[in-house]
Amino acid sequence: MITRSVTVEEIDDLYLIWNDHINASALYRRALREEMEVRGVDPNELRDLLERAREQGYTLEEIAADTNRFDDLQSLVEDQQSRPTAEDATDG
């Protein structure tokens, strides 16, 4: 998992100090899931596509460079799956 820095206002920091039982990472993830929902992205589908792209040999950096939205990632994965492999070419 990648660690990103997030800017918090002093009031956020104070509130988290007062409530140190709150998992700030979980809050961040929840906010991202809500943003995905607003934009019509199913996190489970996104996770599945990312895993499939990784299985096809793409690194996270390559995926980020070659795509900038859910539909791009879906196309990347599906295009790769529709290409014949070297093994398929010798079977014919």
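By class, 16 nonpolar, 4 polar and 9 charged residues make up the lining of the largest pocket; here Ala, Val, Leu, Ile, Met, Phe, Trp, Tyr, Cys and Pro count as nonpolar, Asp, Glu, Lys and Arg as charged, and the others, Gly among them, as polar. The model is a predicted one, with pLDDT of at least 70 needed for local features and 80 or more for side-chain atom pairs, while totals for chains, interfaces and linings use all residues. Residues are numbered from 1 along each chain as its sequence is written, and side-chain values use heavy atoms, with hydrogens and water left out.

That largest pocket holds about 1,400 Å³ of space. A pocket here is an open set of points on a 1 Å grid over the protein atoms alone, where a 1.4 Å probe fits, with protein on both sides within 12 Å along at least five of seven lines; lining residues have an atom within 4 Å of a point. Grid points are joined across faces, edges and corners, and the volume is the space filled by probe spheres set on them. Of the 29 lining residues, Arg 4, Leu 32, Arg 33, Met 36 and Leu 46 lie nearest the centre. Helices H2 (24-38), H3 (43-55), H4 (60-66) and H5 (70-82) each give two or more residues to this lining, and H2 has the largest share with 8. Helices are DSSP runs (H or I, at least four residues) numbered from the N terminus.

The second largest pocket comes in at about 190 Å³. Among its lining residues are Val 6, Asp 12, Leu 16 and Tyr 28. Helix H1 (10-18) and H2 both give two or more residues, with the largest share, 4 residues, coming from H2. This lining divides into 7 nonpolar, no polar and 2 charged residues.

Then there is the packing. The largest nonpolar core has 10 residues, including Met 36, Val 41, Ile 63 and Phe 70; such a core is a set of buried Ala, Val, Leu, Ile, Met, Phe, Trp, Tyr and Cys residues joined through side-chain atoms within 4.5 Å. H3 and H5 each supply at least two of its residues, and H5 gives the largest share, 4. Leaving aside neighbours within four places in sequence, Val 41 is in contact (heavy atoms within 4.5 Å) with Met 36, Leu 46 and Phe 70.

Thr 67 sits in the loop between H4 and H5. Thr 67 counts as buried because its relative accessibility is 12%, where buried means under 20% relative accessible area (1.4 Å probe, protein chains only). Its side chain reaches the backbone oxygen of Ile 63 at 2.5 Å.

Notes. Buried means under 20% relative accessible area, exposed over 50%, partly exposed in between (1.4 Å probe, protein chains only). A polar contact is a pair of N or O atoms within 3.5 Å; within protein, one must be able to donate a hydrogen and the other to accept it, and residues adjacent in sequence count only if both atoms are side-chain atoms.
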